[in-house]
Amino acid sequence: DLGTSAVKLLLMEADGSIKNIVSKEYPLSFPNPGWSEQKPEDWWNAVVAGIKELTDGFEKDKVAGISFGGQMHGLVILDSEDNVIRPAILWNDGRTTKETNYLNNVIGKDKLSQYTANIAFAGFTAPKILWVKENEPKNFKKIAKIMLPKDYIAYKMTGVHSCDYSDASGMLLMDVKNKCWSKEMMEICDVKEEQLPKLYESFEVTGNLTESAAAELGLTTNCKIAAGAGDNAAAAVGTGTVGDGGCNISLGTSGTIFISSKEFGVDKFNALHSFAHADGCMLSAASCNKWWMDEIIGTKDYPAEQKPITDDKLGENNVYYLPYLMGERSPHNNPDARALFIGMSMDTTRADMTQAVLEGVAFAIRDSFEVARDLGINITETKICGGGAKSPLWRKIVANVLNIKVNIIESEEGPGLGGAMLAAVACGEYASVEEAAAKIVKVIDSVEPDAALAEKYDKKYAKFKQIYPTVKDLYDTLKA
């Protein structure tokens, strides 16, 4: 699971039992306000070190397959010698306001939706390509290969320039309906098809480890590599959210509500993303809590900070928090939006502020949830995964803010487990992803909403919903 703060590696037996888990962090840089970059070389070094540690003490020649979940939308560009041209511009980078406006307003949202089933968001890959063309023309001329973060790792392993449909559908370069690269978008972005990867299903084998990669990782060339998936799609596999009408909420660095659907559909306001699934994504979720704890309060003891937030405090908080630390995607599509607290008074406590952060993220997830409801999607329960899902308090808040049953699964390693399951399908251990999910994913606990508390949160959400439209114009002023 190639995340934004670390790569999480997981070793799984054919029956789904997890044998080992390793995590390796790497730096994240913010060269300018609202910018976000990483060096792909750092990812690869972390993967190499991580796989060696992960397989230490195991029979390395028995490693049959590898696959991935990975942060989506990031722009990785290589030259003709396979050198990385510049640091990757990440999914939560907000520099492409001009390019996004050009795509949405000059090319037009209707055309974009027709070409790709989505409109332009600042974090998507296509606006980043246009940004490089405009601001770094020398780098743009050097581009031989365009890829997404996890696909850089796959390329280092196989030498095959590949991408799966779920991740590719978040680039704004793919015709999602017809599952091919969009000729119109390639023209708009001045990109040739040979610069783009070959498209695969997530569980398809793209190649085996090359001799040099096998030597570097301490594995064998018999090891098959499967295409993998964008982190949210991989988390959906890892939580068993496959087939029709499944739902998964991820409380990772970003927050997502993921709905699997057999029917292809686009919501008319494009507030949700129509990838090879429906997806509502907020750019800051568990990262809001991390920022509040680490940077503002100055503590790593998250459970201690949540302890004073007892049941009687839920639904009674007068402090509200807008979780837009890096701008916002679904449903506001505003890279210039910023976080704010409102409603503090002299009796406001530190615990009230912490509670507001947890509730603010849940309310923002409900924003996307409401769009899905308006589309006629009836969601009565959801799985939950990601770092934030480890908090019983946060799970309870989510269940009551959304007023649905929240199912906790045995393994919270959503995208990593999903990657392992895709590799198992690619190696023929399971006939399909559905079969793997049915046999491997186990629900071990559930949080049912409390009717009285859900009603209180309904009223609080109605107030929360008014804050963003009220302050929206201020963001332009603050930016200027």
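Student: Let's start with glutamate 37. Is glutamate 37 buried or exposed?
Tutor: This is a predicted model, so keep that in mind. Glutamate 37 has 6% relative accessibility, and because the cut-off for buried is under 20%, glutamate 37 counts as buried.
Student: Okay, and which strand does glutamate 37 lie in?
Tutor: Strand E3, which covers residues 37-38.
Student: What does the side chain of glutamate 37 make polar contacts with?
Tutor: One partner is the side chain of arginine 86, at 3.2 Å. The side chain of arginine 95 is another, at 2.7 Å.
Student: Switching topic: how much space lies in the largest pocket?
Tutor: About 1,600 Å³. There are 49 residues lining the largest pocket, and the closest to its centre are Ser5, Gly252, Thr253, Ala286 and Lys290.
Student: Which element gives the largest share of that lining?
Tutor: Helix H10 does, with seven residues. H10 spans 286-297. Other elements supplying at least two residues each include strand E1 (6-12), strand E2 (18-25) and helix H14 (414-426).
Student: How does the lining divide into nonpolar, polar and charged?
Tutor: You get 18 nonpolar, 21 polar and 10 charged residues.

How values were computed: Residues are numbered from 1 along each chain as its sequence is written. This is a predicted model: local features need pLDDT of at least 70, side-chain atom pairs count only at pLDDT 80 or more; totals for chains, interfaces and linings use all residues. Side-chain values use heavy atoms; hydrogens and water are left out. On a 1 Å grid over the protein atoms alone, a cavity is a set of points where a 1.4 Å probe fits but cannot get out, and a pocket is an open set with protein on both sides within 12 Å along at least five of seven lines; lining residues have an atom within 4 Å of a point. Grid points are joined across faces, edges and corners, and a volume is the space filled by probe spheres set on the points. Helices (H or I, at least four residues) and strands (E, at least two) are DSSP runs, numbered from the N terminus. Ala, Val, Leu, Ile, Met, Phe, Trp, Tyr, Cys and Pro count as nonpolar, Asp, Glu, Lys and Arg as charged, and the others, Gly among them, as polar. Buried means under 20% relative accessible area, exposed over 50%, partly exposed in between (1.4 Å probe, protein chains only). A polar contact is a pair of N or O atoms within 3.5 Å; within protein, one must be able to donate a hydrogen and the other to accept it, and residues adjacent in sequence count only if both atoms are side-chain atoms.
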